[in-house]
Amino acid sequence: MVCSASCVKLLKSIALTLLVAGLTVAQALAAAALRPAVVPQDFVVTPFGYYHPSCINHLAKGDVLRQDIKAIERANGITQNIELCAYPHYLADGQKVMADAPAPKDPPNISHAWIEYASITTTGAYGQIYTEWEVPPSPTSNDGQTVYLFNGMEDSNDVVTIIQPVLGWNSDYSAAWSIAAWNCCVNGQVNEATPAHTNPGDHLEGYVFMNCVKGTRVCSSWDIVIVDEESGAFSELLDTSNYSQQFNWAFGGVLEVYNIAQCTDYPPPDYAGGIGFHNESVLNAQFAVVSNPAWTVTNLASGLTPQCSYGGSLPKQVTLTY
């Protein structure tokens with residue numbers, strides 16, 4: 001029997017489908033092998049560790065996190081109480097953390113998931129951080145890894161929550177880049193705004209800023225926004241709570257990963273050998289610009305595998321290298 005042209009096309013299509021299915025299974029197996037054995041398979045990777053799906057709150061446009069009543073006010077008027085998460089969560093290394101346990105302070109809340117970061121602190125408080133960066137190319141290998149790149153703020157004296165605009169690969173969208181605004185993790189609950197798809201090469205702006213009058217050190221209302229300037233896509237948490245935090249710890253750039261099996265699981269670095277966060281702008285609580293922020297790069301990769309020449313530099317911008 002001679003296969004016709006349409007027959008050949010059909011067979012090729014079937015072969016491609018089987019190949020893709022095989023690769024998907026292989027990637028899933030690789031991710032399962034790298035995930036700590038103590039972490040249940042239904043737990044989801046977030047920028048804060050592995051969480052049970054019931055403890056991840058998805059906020060749509062118009063939804064507001066309320067500190068005073070510990071609830072989410074939905075845009076349709078419904079109020080959803082934020083109860084204590086009924087499950088523990090797990091750090092990147094598999095360490096089990098109960099929902100009501102205090103968060104570790106260095107690195108904040110997520111152990112060695114943070115590979116490297118640039119930060120500054122103040123004895124007062126910050127009112128805004130603004131950062132630009134480009135979406136890097138997708139990694140050349142896929143072992144089921146997740147890569148996060150973001151800026152943000154915390155209270156170094158009493159870590160309760162972190163507010164951050166995040167770029168993630170293989171997080172909200174499989175084998176693709178996406179952006180989302182996050183506020184985590186009071187009562188063991190993760191709060192994520194509606195994510196949006198983004199593409200390699202797109203220019204991002206990510207910022208958090210307080211909605212109080214200048215001079216307010218503990219502001220109860222913050223906006224977290226990340227925007228794709230090419231597509232117009234964005235993700236935002238507006239009027240979100242600080243949970244009584246005085247944000248005195250600002251992050252100019254953070255590289256956080258899960259399930260990295262080889263160095264090619266990272267996105268290909270740019271000309272500077274890493275990922276550049278530029279046009280950084282930090283305001284203090286008086287809304288005055290912090291001139292020449294004294295960023296310090298912290299490398300947390302010691303003893304981790306694989307080793308990919310981690311580091312950082314600060315020539316007019318924050319560059320995290322690998």
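## A buried ring

Phe-247 is buried, with a relative accessible area of 0%; buried means under 20%, exposed over 50% and partly exposed in between, using a 1.4 Å probe and protein chains only. Before going on, note that this is a predicted model, where local features need pLDDT of at least 70 and side-chain atom pairs count only at pLDDT 80 or more, while totals for chains, interfaces and linings use all residues. Residues are numbered from 1 along each chain as its sequence is written, and side-chain values use heavy atoms, leaving out hydrogens and water.

## Aromatic pairs

The count comes to 16 aromatic pairs. Here, rings of Phe, Tyr and Trp (its six-membered ring) pair if their centres lie within 6.5 Å; planes under 30 degrees apart are stacked, over 60 edge-to-face, and the rest tilted.

Take Trp-114 and Phe-150: they sit edge-to-face, 5.7 Å centre to centre with 75° between the planes. Trp-114 belongs to strand β9 and Phe-150 to strand β11, so their pairing ties together parts 36 residues apart in sequence. Both Trp-114 and Phe-150 are buried.

Phe-247 has an edge-to-face partner in Trp-222, at 5.0 Å centre to centre and 85° between the planes. Trp-222 lies in strand β17, while Phe-247 is in the loop between β18 and β19, 25 residues apart. Trp-222 is buried too, at 1% relative accessible area.

Now for an open sheet: 3 strands, in the order β4-β5-β6, pair antiparallel. Strands are DSSP runs (E, at least two residues), numbered from the N terminus, and two of them pair if DSSP finds at least two bridges between them. β4 and β5 are joined by 3 bridges, and Leu-65 stands opposite Ile-72 in β5.

Definitions and conventions. Helix = DSSP H or I, 4+ residues; strand = E, 2+ residues; numbered from the N terminus.
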